[in-house]
Amino acid sequence: MLDHPTLNRLRELKLEGMAEAFAELQRQDDAAALSHAEWLGLLIDREAARRSTKRYQSRIRTAKLRHVGAAIEDVNYRAPRQLDRDLFRQLAQGDWIEKRQNLIITGPCGVGKTWLACALGQKACRDGKTVLYHRLPRLFADLELAQGDGSFPRMFRQLVRADLLILDDWGDERQPSWPKPSGKLAAGFSRRTGVARPGG
């Protein structure tokens, strides 16, 4: 079947979702019974869904979660880690992120703290929030490099502006001492939560 001029125009305008829906409707015999408003509504819905999916995929890539497949729907509440089902589901709603509050997940090694944090991060991405995941030892090393190559201001802005910043491996015994830019980093954390530093 030859391309319809409207289909070509939609593609030229980069309305790929609408183009896909238009092509599908053309192939459906019962689509002729739809009104113009119904056709337009279906095209707009597909375009909106496609753009929403692309934005989510972009946020997930930027987040760099350690467990990309972690999801709150897959949490095992029967695992022996004393996870409060009601509390975790409340945290998954993300109100604490909106209020710029902090969350510390504690527990023995191997109980899945990182996975749970990534599940909350994935849910935040689905809710339209920007997320960044960092292992603290690696973050320190990256900050040292950024201080040397001049990219520290850009990296600092990314850390401060993220809606949710996940910092993992705080208790790693191999963790180095705080790097030189730690004062600026601490100031950035204070800015994220709206808490002023003493003397600042």
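**Salt bridges, cores and confidence in a predicted model**

Asp-169 counts as partly exposed, at 21% relative accessibility (buried means under 20% relative accessible area, exposed over 50%, partly exposed in between, with a 1.4 Å probe and protein chains only). Its salt-bridge partner is Arg-66, with the closest N and O atoms 3.7 Å apart; a salt bridge here is a side-chain nitrogen of Lys or Arg within 4 Å of a carboxyl oxygen of Asp or Glu. The two sit in distant parts of the chain, 103 residues apart: Arg-66 in the loop between α3 and α4, Asp-169 in the loop between β2 and α9 (182–193). Helices (H or I, at least four residues) and strands (E, at least two) are DSSP runs, numbered from the N terminus. Arg-66 is also partly exposed, at 45%.

A word on the ground rules. This is a predicted model, in which local features need pLDDT of at least 70 and side-chain atom pairs count only at pLDDT 80 or more, while totals for chains, interfaces and linings use all residues. Residues are numbered from 1 along each chain as its sequence is written, and side-chain values use heavy atoms, with hydrogens and water left out.

The predictor's confidence in each residue is its pLDDT, from 0 to 100. The protein averages 85, and 84% of the residues score at least 70. Helix α6 has the highest confidence, at a mean of 96, and α9 the lowest, at 62. Over residues 195–200 the pLDDT stays under 50, and the model has 5 contacts beyond four places in sequence for this stretch (contact means heavy atoms within 4.5 Å).

Back to the charged pairs. Side chains of opposite charge can pair when their charged atoms come close. The salt-bridge count comes to 12. Another of these joins Arg-50 to Glu-20, with 3.4 Å between the closest N and O atoms. This pair, too, links distant parts of the chain, with Arg-50 in helix α3 and Glu-20 in helix α2, 30 residues apart. Both ends are partly exposed: Arg-50 at 30% and Glu-20 at 36%. A local case is Arg-9 with Glu-12, where the closest N and O atoms are 3.4 Å apart. These two are 3 residues apart in helix α1, so about one helical turn separates them. Glu-12 is exposed, at 57% relative accessibility.

Turning to the interior, a nonpolar core is a set of buried Ala, Val, Leu, Ile, Met, Phe, Trp, Tyr and Cys residues joined through side-chain atoms within 4.5 Å. The largest one has 23 residues, and those with the most contacts inside it are Leu-65, Phe-88, Leu-120, Val-131, Leu-164 and Ile-166. At least two residues each come from α3 (36–63), α4 (85–92), α5 (95–98), α6 (113–126), β1 (131–135) and β2 (164–168). Helix α6 gives the largest share, 7 residues. There is also a second, separate core of 14 residues, with Phe-152, Leu-159, Ala-162 and Leu-167 among them.

Leaving aside neighbours within four places in sequence, Lys-123 is in contact with Ile-72 and Ala-92.

The whole structure has 3 aromatic pairs. The rings of Phe-22 and Trp-39 have their centres 5.5 Å apart and their planes at 70°, so this pair is edge-to-face. Phe-22 belongs to helix α2 and Trp-39 to helix α3, 17 residues apart. Phe-152 and Phe-156 are stacked instead, at 5.8 Å centre to centre with 25° between the planes. For such pairs, rings of Phe, Tyr and Trp (its six-membered ring) must have centres within 6.5 Å; planes under 30 degrees apart count as stacked, over 60 as edge-to-face and the rest as tilted. Both Phe-152 and Phe-156 lie in helix α8 (residues 152–161), about one turn apart, and both are buried.

Lys-14, in the loop between α1 (5–12) and α2 (16–27), has a positive phi near 60° although not a glycine. Gln-82, in the loop between α3 and α4, has a positive phi near 55°. Lys-14 is exposed at 66%, and Gln-82 is exposed at 82%.
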